[in-house]
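Subject: Structure handover

Hello,

Here is the structure for your files. Please open it beside this message as you read.

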Amino acid sequence: MTAADNEIDETEYRPHRRWYKRADIVIPIVIIVLGYVLLIALVEPNNFFRPDMEAPSGLIKFDWGYFFGLVPLMLQGLLVTFRATLLGFAVAVVLGFFLALGRRSRFRVLSWPMAFIIEFIRSTPLLVQLVFWQALSRAMDLNISAVTVLAIGLGIHYATYTSEGYRAGINSVDAGQWEAATALNLSPVTTWTRVIIPQAVPNVLPALGNNFVAAFKDAPMGVAVSVPGLLLFANTIKADQFRTVEPYMLIGVGFLMMSIPAAWLVRRLERKVAYERV
C-alpha cells in the first residue's frame, strides 16, 4: 500500500461516536445550560418601567433619541420574558416526554386519559390557562410570583406539543430496532436509553426548536397575570407617555434578538446530531 493510499484512508476514516460523547456537541450544550442557570438565578423582575426621559412634545412621530432611551427598560422586560420562557420550556421538555410515554402505553386506562389531557390543553388558549393557574394558586393560598405562574402555564401548555413531537420521533424508529432489542434480551431501560432515544432525538429536535420559539413569542401573554415582561413594558410607556410606536417597535427588536440566535443554534444542533442517523 502506498503512502498516497494511506492518506486517502485516513481522510475517509470517521470513527462512530455517540453525540453525547462528542466535545463539539457537549461543550455548547454545557455552556447553554450554564447560561440558563445564571439567567434564572440572577435576573430579578422589575415591577415598574419608568423612563428617565420625557417623550418629545409636539406632533407624535418617530423619535430615534426616545427610541434608544427606552432600550434599557426594554432589556429588563426582555430578560424577564426570556427567563420565564426558559423555565417553562424546561418543564415542557421533561413533562412532554412522560405525556408521550403515557399516550403510547398499551394500557387504555392510561393512554386514554393522557390523550384527553393533551387534546384538552392544546385546544384551550394559553391566555385562559394563565388566568386559571393564577386563580388556582390564589385559591390554594400559594405564594408564587407572576413569573412562576407564567412558567408553569407555558410549561404545561407546550408539554402537550412536545409530547406529540416525542411520540412522532419514537414512532419513526424502525420496528426492527425494537425487535432486535427484544431478540438480544435487552432490559426496557437499556432499550430506551441505548437504542430508541438516541435514534429518536434527531427527529424530535426540529419540533422542539419550533416549540421553543413559539413559546417565547407567546410569553408576552403573561401580561394577563401581571408579569413585568416585554408587553407590560410597552403598555406602561403607552399609558404614561402616550407613545406607542417606539416601545412596540422595541419589543419587536427584542424578540428578534432572542428568536434568531435560538433558531440558529437549533439548526446547528440538528446538523450535528443528524450524523447519528447515518
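Below are the notes on what was found in it.

This is a predicted model, in which local features need pLDDT of at least 70, side-chain atom pairs count only at pLDDT 80 or more, and totals for chains, interfaces and linings use all residues. Residues are numbered from 1 along each chain as its sequence is written, and side-chain values use heavy atoms, with hydrogens and water left out.

Overall fold

The protein has eleven helices and zero strands. Helices (H or I, at least four residues) and strands (E, at least two) are DSSP runs, numbered from the N terminus. Along the sequence the pattern reads α-α-α-α-α-α-α-α-α-α-α. Of the 278 residues, 36% are buried. Buried means under 20% relative accessible area, exposed over 50%, and partly exposed in between (1.4 Å probe, protein chains only).

Salt bridges

How many salt bridges does the structure hold? There are five. A salt bridge here is a side-chain nitrogen of Lys or Arg within 4 Å of a carboxyl oxygen of Asp or Glu.

Start with Glu-164. Arg-103 pairs with Glu-164, and their closest N and O atoms are 3.1 Å apart. Arg-103 lies in helix H4 (residues 71-104) and Glu-164 in helix H7, so this pair ties together parts that are 61 residues apart in sequence. Glu-164 is buried, at 18% relative accessible area. Arg-103 is partly exposed, at 22%.

Arg-122 also forms a salt bridge with Glu-164, at 3.7 Å from N to O. Arg-122 sits in helix H5 (residues 108-122) and Glu-164 in helix H7, so the pair ties together parts that are 42 residues apart in sequence. Arg-122 is partly exposed, with 29% relative accessibility.

These residues belong to a network. Salt bridges link Arg-103, Glu-119, Arg-122, Glu-164 and Arg-167.

Now look at Arg-243 and Glu-246. They form a salt bridge whose closest N and O atoms are 2.5 Å apart. Are these two residues buried or exposed? Arg-243 is buried, at 3% relative accessible area. Glu-246 is buried too, at 1%.

Ala-100 lies in helix H4. At 1% relative accessibility, Ala-100 is buried. The C-alpha atoms of Ala-100 and Thr-160 are separated by 8.4 Å, although the two are 60 residues apart along the chain.

The cavity

One cavity of 30 Å³ or more was counted. The rule uses a 1 Å grid over the protein atoms alone: a cavity is a set of points where a 1.4 Å probe fits but cannot get out, and lining residues have an atom within 4 Å of a point. Grid points are joined across faces, edges and corners, and a volume is the space filled by probe spheres set on the points.

The largest cavity holds about 40 Å³ of space. Its lining includes Thr-81, Leu-150, Pro-220 and Val-227. Helix H10 (residues 230-241) gives the most to this lining, with three residues. By type, the lining has eight nonpolar, three polar and no charged residues. Here Ala, Val, Leu, Ile, Met, Phe, Trp, Tyr, Cys and Pro count as nonpolar, Asp, Glu, Lys and Arg as charged, and the others, Gly among them, as polar.

Phe-132, Leu-136, Met-140, Leu-142, Ile-144 and Ile-152 make a nonpolar surface patch of about 500 Å². Patches are made of residues with over 30% relative accessible area and no salt bridge; like charges are joined within 9 Å, and nonpolar side chains (Val, Leu, Ile, Met, Phe, Trp, Tyr) within 5 Å. The areas come from the Shrake-Rupley method with a 1.4 Å probe, and for residues only the protein chains shown count as cover.

Met-140 is in the loop between helix H6 (126-139) and helix H7 (146-171). Asp-141 is in the loop between H6 and H7. Its phi is near 60°, a positive value in a residue other than glycine. Asp-141 is exposed, at 70% relative accessibility.

Phe-242 also has a positive phi, near 55°, in a residue other than glycine. Phe-242 is found in the loop between H10 and helix H11 (245-273). At 62% relative accessibility, Phe-242 is exposed.

Best wishes

Note on methods: On a 1 Å grid over the protein atoms alone, a cavity is a set of points where a 1.4 Å probe fits but cannot get out, and a pocket is an open set with protein on both sides within 12 Å along at least five of seven lines; lining residues have an atom within 4 Å of a point.
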